[in-house]
Amino acid sequence: MEIAKEYDLYTLKDIPDDQNQVVEKEILGNIENLAEPPLKQMISGAIRNLSPEDKLSWAIFLNSFRFRHPTGVKELEDAVAKRVDEAFRDNQEELDQLRNGNAPLSWQKLFNSYRPGYLPNLHLGLMVELIASGPLVQQLLDLHWSLHNLDSAELDLVLGDRPFVTVAPTDFLPGFSFLPIAKRRLFIVCDTSQYEAFNRISANRLVRFVNVASVRSSVEIVCGYAQEKFIAKHLSGQIAKDTETPHLMRSPSNAARLQEAMDELDKGFGTERTLAE
């Protein structure tokens, strides 16, 4: 089930039509294709049989959900635009020299005349780097992975387009991330020392809790809060009645990795050097 969809989210701008879908079709498509074998194994209950290669593919797939949604792409676009604007203001003298007495151009148009399509798509390049980030992927590999069979629950799990969600600790569960992979199969990532807590909670309570988190995540990232009641009503009648409201979290490492990536971008953003390449 897709709760909502934004078109052309990964479409490259100012690039020929036969090349502007490379991020979605080739990069993200390849990530999804490599994640399919481990997904099939886990749906069948064989999480312990995953090879190291399958674990790596699955970790990269999970990490991609942190950045590839509309809110994440917009945050990257805004962050890149801010840093690029600062870089060009700091290099105004070089820009003036590059104009060579020609009619004044904005720095965006001037740069685009040297490297067409580079600036408008810089945030998508950064997104791909973050998805493949070794530290972020390793962080997921180092955590405890478990697969929960929820056949005894009264409700099905909500299956959405981007359901990898991180929730804060509660009085009955530690902080954890989860991905519903089938109606009655739940993949969970948590600290190794805390995974036993999930064996002490009933299937019904766990399903209700993660369904609420899935809906709230979809509302925040894709649909907007105005649609929350509508979504809750149509996805599951129990969601709107549930009193255990999870608090959604974003991994602090995302912000740290973004800052690191932006710092690297800044180092190589001397105008004269970049335009000469």
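Analyst: At 11% relative accessibility, H148 is buried; that word stands for under 20% relative accessible area, while exposed means over 50% and partly exposed lies in between (1.4 Å probe, protein chains only). The model is a predicted one, in which local features need pLDDT of at least 70 and side-chain atom pairs count only at pLDDT 80 or more, whereas totals for chains, interfaces and linings use all residues. Residues are numbered from 1 along each chain as its sequence is written, and side-chain values use heavy atoms, with hydrogens and water left out.

H148 belongs to strand β1. Strands (E, at least two residues) and helices (H or I, at least four) are DSSP runs, numbered from the N terminus. The side chain of H148 makes a polar contact of 3.0 Å with that of S146. A polar contact is a pair of N or O atoms within 3.5 Å; within protein, one atom must be able to donate a hydrogen and the other to accept it, and residues adjacent in sequence count only if both atoms are side-chain atoms. Leaving aside residues up to four places away in sequence, H148 touches R184, R185, L186, I188, F198 and N199, where contact means heavy atoms within 4.5 Å.

F187 is listed with Y10, W58, L62, M127, W145 and L179 as having the most contacts inside the largest nonpolar core, which has 37 residues. Such a core is a set of buried Ala, Val, Leu, Ile, Met, Phe, Trp, Tyr and Cys residues joined through side-chain atoms within 4.5 Å. At least two residues of this core come from each of α1, α2 (52–64), α3, α6 (122–131), α7 (134–142), β3 (176–182) and β4 (185–190). Helix α6 gives the largest share, six residues. A second, separate core has 21 residues, among them L157, A197, V207 and A213.

F187 is also part of an aromatic cluster, together with W58, F61, F65, W145 and F164. The whole structure holds nine aromatic pairs. In W58 and F61 the ring centres are 5.2 Å apart and the planes stand at 35°, so this pair is tilted. A pair of aromatic rings is described by the distance of the centres and the angle of the planes. Rings of Phe, Tyr and Trp (its six-membered ring) pair if their centres lie within 6.5 Å; planes under 30 degrees apart count as stacked, over 60 as edge-to-face and the rest as tilted. W58 and F61 are three residues apart in helix α2, about one helical turn, and both are buried.

Charged side chains come next. R205 lies over the face of F172, 3.8 Å from the ring centre; the rule asks for NZ of Lys or CZ of Arg within 6 Å of the ring centre and within 35 degrees of the ring normal. A salt bridge is a side-chain nitrogen of Lys or Arg within 4 Å of a carboxyl oxygen of Asp or Glu, and by this rule there are seven. One of them joins E77 and K13, with the closest N and O atoms 3.7 Å apart. E77 lies in helix α3 (residues 70–90) and K13 in the segment before α1 (22–43), so this pair ties together parts that are 64 residues apart in sequence. E77 is partly exposed at 28%, and K13 is partly exposed at 43%.

Another salt bridge joins D78 and K74 at 2.8 Å, N to O. Both of these residues lie in helix α3, four residues apart, about one turn. R208 and E154 also form a salt bridge, with their closest N and O atoms 3.8 Å apart. This pair links R208 in helix α8 (residues 203–223) to E154 in the loop between β1 (144–149) and β2 (165–167), 54 residues apart. R208 is partly exposed, with a relative accessible area of 25%, whereas E154 is exposed at 58%.

Taken as a whole, the protein has 12 helices and four strands. Of its 277 residues, 44% count as buried.
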